[in-house]
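Please examine the sequence together with the model displayed below. The paragraphs that follow lead through its elements and their contacts.

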Amino acid sequence: MAVEFVGIDPDTDTDRDHCPTVWADAETQEILLQGWKPSPETQAVCEGSSPANGPVPETEAIVRIPARMIPMIREACDAVERAQLR
């Protein structure tokens, strides 16, 4: 597995607990995100506005990622895209 750490929320506490994180997997060409769980109300709004049928499956999750991490997400996208070109 070729998982590459890309970045961690710059506002993470000093203990590095509960910190949104971004990784890129060049082998599977996927981006991995760690984030905060949404509130039940936000989860319901997301599920209600999705064209999918029913709630989010147990094998999937909705996560919240702060906008300040957009540069890291772009970097992860670039890493996966570069892997596709090899």
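Which exposed residues does the face of H2 turned away from its buried side carry? They are Pro 71, Arg 74 and Leu 85, where exposed means over 50% relative accessible area, buried under 20% and partly exposed in between, with a 1.4 Å probe and protein chains only. The model is a predicted one, in which local features need pLDDT of at least 70 and side-chain atom pairs count only at pLDDT 80 or more, while totals for chains, interfaces and linings use all residues. Residues are numbered from 1 along each chain as its sequence is written, and side-chain values use heavy atoms, with hydrogens and water left out.

Helix H2 covers residues 70–85; helices (H or I, at least four residues) and strands (E, at least two) are DSSP runs numbered from the N terminus. With 16 residues, H2 reaches 23 Å from its first C-alpha to its last, close to the 22 Å expected at 1.5 Å a residue, the expected span being 1.5 Å times one less than the number of residues. Its buried residues are Met 72, Ala 76, Ala 79, Val 80 and Ala 83. Seen down the axis of H2, these buried residues fall within an arc of 90 degrees, so they line one face of the helix; the arc is that of the directions from the helix axis to the C-beta atoms. The buried residues of H2 pack against strands S1 (3–8), S2 (21–25) and S3 (30–34), contact being defined as heavy atoms within 4.5 Å.

S1 and S2 run antiparallel and are joined by five bridges, and the bridge partner of Gly 7 in S2 is Val 22. S2 pairs with S3 in the antiparallel sense as well, over five bridges, with Asp 25 opposite Glu 30 in S3. The hairpin of S2 and S3 has four residues between the strands, and there Gln 29 takes a positive phi near 60 degrees. S2 is mostly covered, since four of its five residues are buried.

The loop between S1 and S2 contains Thr 12, a residue that is buried at a relative accessible area of 16%. The side chain of Thr 12 reaches the backbone oxygen of Asp 9 at 2.7 Å; a polar contact is a pair of N or O atoms within 3.5 Å, where within protein one must be able to donate a hydrogen and the other to accept it, and residues adjacent in sequence count only if both atoms are side-chain atoms. Leaving aside residues up to four places away in sequence, Thr 12 touches Asp 17 and Cys 19.

Asp 9 also takes part in a salt bridge, meeting the side chain of Arg 68 at 2.6 Å, N to O; a salt bridge is a side-chain nitrogen of Lys or Arg within 4 Å of a carboxyl oxygen of Asp or Glu. Asp 9 lies in the loop between S1 and S2 and Arg 68 in the loop between helix H1 (40–49) and H2, so the pair ties together parts that are 59 residues apart in sequence. Asp 9 is buried, at 2% relative accessible area, whereas Arg 68 is partly exposed at 39%. Arg 68 forms a further salt bridge with Asp 11, the closest N and O atoms being 3.4 Å apart.

Technical notes:
Two strands pair if DSSP finds at least two bridges between them.
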